[in-house]
Amino acid sequence: MTDRFIRFFAELSIDDVPLVGGKNASLGEMYRLLTPQGIKIPNGFAITAEAYCYVLDQAGAWEKLHQLLDDLNPNDLTELKQRARKARQVVYEAGIPDDLHREIIAAYQRLAQAYGEEPLSVAVRSSATAEDLPTASFAGQQESYLNICGEEALIEAVRRCFASLFTERAIHYRIDQGFDHFNVYLSVCVQKMVRSDLGASGVMFSIDTESGFPEVVFINAAFGLGETVVQGTVDPDEFYVFKPTLRQGYRAVLRRRRGTKKVKMILASGEERATTSIV
């Protein structure tokens with residue numbers, strides 16, 4: 001029987017943004033196309049945007065959200081903070097219906113068995129259906145959780161991801177960009193956790209982020225988990241790589257800068273915190 005609310009990466013492509021959001025669609029595209037070429041991409045699955053809608057449908061939560069958001073003045077920061085908190089509470093308290101709960105746990109168990117690790121440590125990441133658009137980028141507006149272990153912790157992280165569609169910054173950004181709060185939905189990514197805390201990680205852009213020049217790759221990297229680079233809480237190393245000379249097999253690094261890298265995020269043990277930062 002095909003799952004109603006779950007899609008593994010191998011089933012996804014870049015055309016599935018309306019179903020699983022920009023992040024999950026991109027991960028699916030990479031997993032399908034690059035894994036056969038020997039590039040190791042951690043496997044995972046998407047909990048679809050349909051699941052998010054189903055959660056709110058079953059809880060009768062839509063009307064409560066309309067009451068909180070329809071007449072919101074985003075420039076009143078006190079009111080924005082209060083209503084955003086209440087909206088997140090509405091979504092979080094909607095819970096996870098039993099049939100969706102079973103599908104999520106079954107997919108998690110399947111992923112754990114594939115890696116031979118039980119319980120499996122995963123990253124639980126938000127993937128909005130309006131992410132990575134040509135005219136707007138919602139990436140980073142919602143929450144992600146790292147080093148999530150066990151079924152109970154996974155369900156808790158999924159609930160918090162769904163609720164994070166209504167962070168203050170996400171609400172304000174949607175209003176600024178002219179998006180209807182009720183036409184943007186949230187999918188959740190559950191992906192095998194990589195132990196980059198034992199080494200280094202970073203972010204790679206396929207163009208120069210400042211000028212838009214397409215012939216360079218821009219890389220930021222630091223020790224430990226990449227969340228510090230994403231959040232901008234660490235001064236990372238920087239590399240500019242020139243694509244044409246890279247393709248020809250020549251030395252391709254145009255510029256490099258060594259960052260201070262004074263902060264490192266690692267995985268933490270115990271129930272209270274999944275990660276911790278050290279200086």
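The C-alpha trace spans about 60 × 50 × 40 Å along its principal axes. The model is predicted: local features need pLDDT of at least 70 and side-chain atom pairs count only at pLDDT 80 or more, while totals for chains, interfaces and linings use all residues. Residues are numbered from 1 along each chain as its sequence is written, and side-chain values use heavy atoms, with hydrogens and water left out.

The chain holds 9 helices and 11 strands, which are DSSP runs numbered from the N terminus (helices H or I, at least four residues; strands E, at least two). Of the 279 residues, 47% are buried, where buried means under 20% relative accessible area with a 1.4 Å probe, protein chains only. Of the contacts (heavy atoms within 4.5 Å) between residues at least 6 apart in sequence, 65% join residues at least 24 apart.

Helix 5 covers residues 98-115. Its expected span is 1.5 Å times one less than its number of residues; for 18 residues this gives 26 Å, and the end C-alpha atoms are 26 Å apart, in agreement. The buried residues of helix 5 include L100, E103, I104, I105 and A107, and Y108, L111 and A112 are also buried. G116 follows helix 5 and has a positive phi, near 65°.

Definitions and conventions. Buried means under 20% relative accessible area, exposed over 50%, partly exposed in between (1.4 Å probe, protein chains only).
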